Amino acid sequence: MKSEILKVLRQSDTHVSGQELCERLGVSRTAVWKNIRQLQEEGYQIEAVRNKGYRMIEAPVDVFNASEIKSRLEASSLIQKVLYTEETDSTNTWAKRLAEEGSPSGTLAVAERQTQGKGRRGKVWSSPEGTSVYMTLLLRPEILPQYAAPLTLVMGLSVAQALSETLGLPAGIKWPNDVVVSGKKICGILTEMNAQIDYVEYLVIGTGINVNTQEFPDEIKEVATSAAVQLGHIVSRAELAAAVIRCFEKNYEIYLESCSLKGLLEDYREKMINVDREVKVMGPGEVFEGVAKGINPAGELLVERPNGSVTAVSGGEVSVRGIYGYV
């Protein structure tokens with residue numbers, strides 16, 4: 001109910017009467033009052049005036065919980081519920097447990113802190129408390145398993161778009177799943193799937209975004225950045241998380257039309273930072289250099305070799321780096 005109250009107050013420029021809130025939410029005045037009190041205790045400045053109602057004066061800069069995120073999602077046909085916890089092992093692991101317990105497609109699992117955050121290829125994702133977005137989206141798409149991998153790229157595109165549109169950051173994508181600002185990584189994405197031969201039981205897309213992080217561990221400080229470092233001020237994690245989901249919902253719908261990135265190729269190429277740049281492809285059986293030329297509808301990186309031939313590279317098989325550094 002708090003998320004609905006926040007949504008109504010945020011959308012109104014004037015006072016909203018208690019009666020109007022009761023009618024819109026289908027609850028009693030006492031229930032409205034109790035939730036308003038809880039919101040005030042959480043730091044929201046909500047004015048209550050007799051015979052006028054309630055008005056949002058100011059919201060805390062960085063409240064990060066289920067109510068705040070849901071209040072910013074507006075009308076979403078994708079998100080069925082938002083679950084929040086202060087601490088979990090990994091939002092991906094948590095979301096997989098939820099999936100096994102029967103949680104519906106469109107469940108969003110969000111945590112303040114991860115004790116065992118996971119990155120690609122078994123790497124650990126640094127997960128300090130109170131600074132970043134750690135969220136995993138549980139989906140049950142009616143697609144064949146081979147069409148699931150590109151959804152990592154769909155989420156990467158969505159994060160880059162949200163950072164640009166919401167915060168004005170010039171975010172780009174280092175294929176396949178790193179979102180980069182000013183040549184440094186600001187977001188990582190990890191997709192995991194449970195599937196049979198001919199159908200997907202569920203998949204989870206984990207997204208970790210460095211939002212208000214000011215300092216990074218020594219091993220990543222040269223290649224990592226955050227929104228706050230780039231902007232010079234703290235930003236709302238809930239606002240950014242909701243913006244990512246809104247962008248993903250739009251892109252996901254386009255993807256499902258053809259089970260390919262065909263309808264998103266132009267948008268994705270526009271965000272790619274390594275397109276037309278020299279890259280080194282490091283695979284299990286071969287290491288070679290070439291020029292990245294974009295992606296195909298399957299999400300594979302197209303690399304032009306020195307002899308002019310083009311190789312389609314799968315993200316699950318190789319690592320790609322710039323010739324002269326991370327990007």
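A nonpolar core, as I use the term, is a set of buried Ala, Val, Leu, Ile, Met, Phe, Trp, Tyr and Cys residues joined through side-chain atoms within 4.5 Å. Buried means under 20% relative accessible area, exposed over 50%, and partly exposed in between (1.4 Å probe, protein chains only).

**Entry 1. Ground rules**

I am working on a predicted model, where local features need pLDDT of at least 70 and side-chain atom pairs count only at pLDDT 80 or more, while totals for chains, interfaces and linings use all residues. I number residues from 1 along each chain as its sequence is written, and side-chain values use heavy atoms, with hydrogens and water left out.

**Entry 2. Cores**

I looked up the largest nonpolar core and found 67 residues in it. L108, L163, W175, F248 and L301 have the most contacts inside this core. Helix α8 (residues 237–258) gives the largest share, eleven residues. Another core lies apart from it and has 15 residues, including V8, V16, L21 and V63. As background, I note that nonpolar side chains tend to be buried together in soluble globular proteins.

I then listed the neighbours of L301, taking contact as heavy atoms within 4.5 Å. Leaving out residues up to four places away in sequence, L301 touches W175, M272, A292, G294, I295, T311, A312, V313 and V320.

**Entry 3. Whole chain**

I counted nine helices and 14 strands. Helices (H or I, at least four residues) and strands (E, at least two) are DSSP runs, numbered from the N terminus. Of the 327 residues, 50% count as buried.

The C-alpha trace spans about 80 × 45 × 35 Å along its principal axes. Among contacts between residues at least 6 apart in sequence, 63% join residues at least 24 apart.

**Entry 4. α1 against α3**

Helix α1 (residues 2–11) packs on helix α3 (residues 29–41) at an angle of about 80 degrees, with the axes 10 Å apart. That makes the two helices roughly perpendicular, a class that covers 65 to 115 degrees. Axes are lines fitted to C-alpha atoms, for helices over the stretch in contact, and angles run from 0 to 180 degrees between N-to-C directions.

From α1 I find K2, I5, L6 and L9 meeting V32, N35, I36, Q38 and L39 of α3.

I checked the peptide bond from W175 to P176, and it is cis, with omega near 5 degrees. P176 sits in the loop between β6 (172–174) and β7 (178–181).

N51 has a phi near 70 degrees, a positive value in a residue other than glycine. I place N51 in the loop between β1 (45–49) and β2 (53–58), and N51 counts as exposed at 80% relative accessibility.

C259 is not a glycine either, yet its phi is positive, about 55 degrees. C259 lies in the loop between α8 and α9 (265–271).

**Entry 5. Two single residues**

T207 is in strand β9 (residues 200–210) and is buried, with a relative accessible area of 4%. Not counting residues up to four places away in sequence, T207 touches V133, Y134, M135, M155, V159, C187, G188 and I189.

N307 is exposed, at 63% relative accessible area, and lies in the loop between β12 (301–304) and β13 (310–313). I also noted that the C-alpha atoms of N307 and G290 are separated by 9.3 Å.

How values were computed:
Angles under 35 degrees count as roughly parallel, over 145 as roughly antiparallel, 65 to 115 as roughly perpendicular and the rest as oblique.
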